[in-house]
Amino acid sequence: MSENESYQRSSWDEYFMEIANTVAKRATCDRGRSGCVIARDKQLLVSGYVGSPKGLPHCDDIGHQMKKTIHEDGSVTQHCVRTVHAEQNAICQAAKLGISLQGATLYCRMTPCRTCAMLIINCGIVRVVCEKKYHAGSESEKMFKLTGITLEYENDEILQYDKQ
């Protein structure tokens, strides 16, 4: 930092997003390498990253388990189903530790998928902050709007990764 620059303290959202991106470095699937943290009242509660269920092989070790989804409009997307999403792992960690997520904020790399959105809604999270958009996240966006969950993006770019 130069003499003319003053120190700029991170906002709470920047702080928790930086932690989520650090957590993502533990991810074991290179499709999105996602991490997540959940916080309430400026306190980190739990974290999670994308990876295979405990005791099962990881994508990074044996490859992806790809499934194609054909959508109503005829478009086809590919998804790796070997892993548990970062949001799901964070919510599972809270359940294992007996931590309520009521009124919390979830920080993640991209718009949560439909399944993650349903879990987020049901566990009482009230705000979701994403670094970028997910290419198939519009249904989640609608669900959050209908249930009153605040959804915010650091930027409106769609996160790009291989075999999307």
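Where is the place of A104, in a loop or in a helix? A104 is in the loop between α3 (86-97) and β5 (105-110). The views below show a predicted model, in which local features need pLDDT of at least 70, side-chain atom pairs count only at pLDDT 80 or more, and totals for chains, interfaces and linings use all residues. Residues are numbered from 1 along each chain as its sequence is written, and side-chain values use heavy atoms, with hydrogens and water left out.

View 1. Helices (H or I, at least four residues) and strands (E, at least two) are DSSP runs, numbered from the N terminus. A104 counts as buried because its relative accessibility is 0%; buried means under 20% relative accessible area, exposed over 50%, and partly exposed in between (1.4 Å probe, protein chains only). Apart from neighbours within four places in sequence, A104 is in contact (heavy atoms within 4.5 Å) with I38, A39, R40, L45, G124, I125, V126 and R127.

**View 2. E87 in helix α3.** Helix α3 holds E87, where UniProt places the feature "active site" in an unreviewed entry. UniProt positions are given in the numbering used here, feature names are shortened, and annotations may be inferred rather than shown by experiment. E87 is buried, with a relative accessible area of 5%. Residues up to four places away in sequence aside, E87 touches C36, L106, C108, M110, P112 and C116. Of these, C36 stands opposite C108 in β5.

**View 3. The open sheet.** Five strands form an open sheet in the order β2-β1-β5-β6-β7, with mixed pairing; two strands pair if DSSP finds at least two bridges between them. The edges are β2 (43-49) and β7 (150-153), each with a single partner strand, so one side of each has no neighbour in the sheet. On average, neighbouring strands of this sheet are turned by 20° against each other, direction ignored. Strand β1 (residues 35-40) is joined to β5 by four bridges, and the two run antiparallel.

**View 4. The packing of α4 and α5.** Helix α4 (residues 114-122) packs against helix α5 (residues 138-147) at an angle of about 15°, with axes 9 Å apart. Axes are lines fitted to C-alpha atoms, for helices over the stretch in contact, and angles run from 0 to 180 degrees between N-to-C directions. The contact involves R114, A117, M118, I120 and I121 of α4, and E139, S140, M143, F144 and T147 of α5.
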